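The following paragraphs go through a structure chain by chain and contact by contact. Please keep the sequence and the coordinates at hand while reading.

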Amino acid sequence: MERKKVIVGGWFDLPRLGTDVFSALVRRNGVVYDKSTGFKFDASTDLPGAVRTLRSAGVEVELALRCFLCGKEACTGCPYLASCDRTSVSTLCLCADHAPEKSVFGEYTETFDVILKS
Amino acid sequence: MWSEKYRPKEPDELIGNEEARIALSLWLSKWEPGTKAALLVGPPGTGKTTFVTLLAKSTGMNLVDLNASDVRTKDKLQKRMGEAMATVSLFGERSLIFLDEVDGLAGRADIGAVEFIKESVKESQNPIVMAANDPDSDEIKKLTSSCVSVRFRPPPPREVEMYLREVARGEGLAVEEEELRGFVIDAAGDVRQAINLLQGSQQASPGKEDTRGRYKDRDRTESEALNGFFGATDKPEAMAALRALSMSPFEKVREVHRSVVKSGLPAPEMARALDAVSRADVLIGKMMKGGDWRLLRYLDRIFVEELYPVVRGKAVKYTGQDDLPFPMMARVWNDSKKIREVSLRYATRAHTSGMSARSQDLPYVFALCSKKKFREELEHSLGLDVDKDVLESYDKFLTKEAAR
């Protein structure tokens, strides 16, 4: 089985998996597809469904989340890596640079406001 | 409760679902008549209702909050939503219509309700937001074409930890990192539960240091958590034990019931304890029948506020899922099966739902069964007299129910 690391919100490519798998991913699981950039899992994707579809097609997906504050991959070095079901939690997290112990709540709410106003 | 004290007061103070919250805020800011409704889909406790409430408050809109489980028919919806949909204030201020638990629209009684909502979306002068727990329910599938669908999920553990640290900071606590992470993992994305675990751990009485970390072990057994509830020294500790219990609501009620029945409490206390358990059971029944998942939040409260004071300091213990004595199990099982059967047959005859029959009509019908003639007519009318053995068994059951 091929292993593939996929960052939610980032583009990735897949080998040719056939029309049925493509159709299931895009139509049923809500995976975004663009001919030039490839596939993307986003907040509206049925992540458990998409991971299941790819597994049945021989691709084992390892999901990673992005940091809400800086956009970097958030899962590297996360103490919750083993217990976090990344297919079921919301799609943005906090990276090691913005770890909870660094009192980032103020920065978190400010970032939310800034994005909303922009 | 700290979970109330630290409840978010602004939309940006919620955690998790950043993209969903931003998408919904943008949808609302751009809304004009004819725009699709928003449909928030996600499990209970992910912040759907809280976010909509805060969003309405922050935008100065009047929130018209309806629960689809309470307003299940087209007529009722029309009555409750109709005015809100058509009304805009003299100064052009709009209301935000929030229809919660739309996946609670199910069954015969709801014919026309989904279609009414779809039509309303097109005509409404005010934005409509709907929320549902189950994305795969038929009602949600029917509504999808008229809605912008937004998924809500539990926040990731690191964000829960961030919020928990904020609470700890607010309370001036220095909590060990390992302990804090234990609460985050145990809460499994439920911020309220994480806060309750933190509060429960801090409110354990001095000299009970062992209790403080009791629930941080993920592999703790159900037995430890349930016995933690029965043996708790105060309500916060009892609540923390229940919240740490990883059982479905049905299992929770069943195992608490089992423990109470086997406890050998004196009759008056047993009656009070079983009364509390039955209220919890009724709550679960209502939740399932009406799809009103919000009721789930009251389950632990019923146990803590009503059952805990009765069993506190008494010899009530959970001894695992070994069965109750067979005669008792058989009685419980047989009676509930008969009540279900009678209510369904009665519902068909009386043109009502099984739930209404059980909760509204049958208590009176059973009382009237003390009269033999009425009982016989009822048995005939419900078709219980087709077989002699069946008739005999139901007759005995109805006589017993009438005597209660």
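Of the 118 residues of chain A, 31% count as buried; a residue is buried if 20 or more other C-beta atoms lie within 10 Å of its own, exposed if 12 or fewer, and partly exposed in between, with C-beta atoms placed from the backbone. This is a predicted model, in which local features need pLDDT of at least 70 and side-chain atom pairs count only at pLDDT 80 or more, while totals for chains, interfaces and linings use all residues. Residues are numbered from 1 along each chain as its sequence is written, and chains are lettered from A and ligands numbered from 1 in the order in which they are written.

Chain A has three helices and seven strands. Helices (H or I, at least four residues) and strands (E, at least two) are DSSP runs, numbered from the N terminus. Read from the N terminus, the order in chain A is β-β-α-β-β-α-β-β-β-α. Two residues are in contact if their C-beta atoms, placed from the backbone, lie within 7 Å. Among the contacts in chain A between residues at least 6 apart in sequence, 61% join residues at least 24 apart.

Three strands of chain A make an open antiparallel sheet in the order β2-β4-β3; two strands pair if DSSP finds at least two bridges between them. Its edges are β2 (11-12) and β3 (32-34) of chain A, each of which pairs on one side only. Three antiparallel bridges link β3(A) to β4 (residues 38-40) of chain A, and A:Asp34 stands opposite A:Gly38 in β4(A).

In chain B, consider strand β3 (residues 95-100). Six of its six residues are buried, so β3(B) is largely enclosed by the rest of the structure. In a regular strand the side chains alternate between the two faces of the sheet. Here B:Ser95, B:Ile97 and B:Leu99 point one way, B:Leu96, B:Phe98 and B:Asp100 the other way, and all are buried. β3(B) runs parallel to β2 (residues 62-67) of chain B, joined by six bridges, with B:Asp65 opposite B:Phe98. Three bridges join β3(B) to β4 (residues 128-132) of chain B, also in the parallel sense, and B:Ile97 stands opposite B:Ile128 in β4(B).

B:Glu32 lies in the loop between α2 and β1 (37-41) of chain B. Because B:Glu32 has 8 C-beta neighbours inside 10 Å, it counts as exposed. Its C-alpha atom is separated by 7.6 Å from that of B:Pro127, 95 residues away along the chain.

Where do the two chains meet? 25 residues of chain B are in contact with 25 residues of chain A. On chain B, α2 (18-29), β5 (147-151), α7 (157-170) and α8 (177-187) each supply at least two residues of the side that touches chain A. The most come from α7(B), with seven residues. The residues of this side of chain B divide into eight nonpolar, five polar and 12 charged, where Ala, Val, Leu, Ile, Met, Phe, Trp, Tyr, Cys and Pro count as nonpolar, Asp, Glu, Lys and Arg as charged, and the others, Gly among them, as polar.

α7(B) and α8(B) also pack against each other, at an angle of about 125° and with their axes 9 Å apart. Axes are lines fitted to C-alpha atoms, for helices over the stretch in contact, and angles run from 0 to 180 degrees between N-to-C directions. α7(B) and α8(B) are therefore oblique to each other: angles under 35 degrees count as roughly parallel, over 145 as roughly antiparallel, 65 to 115 as roughly perpendicular and the rest as oblique. The residues of the contact of α7(B) with α8(B) divide into eight nonpolar, no polar and two charged.
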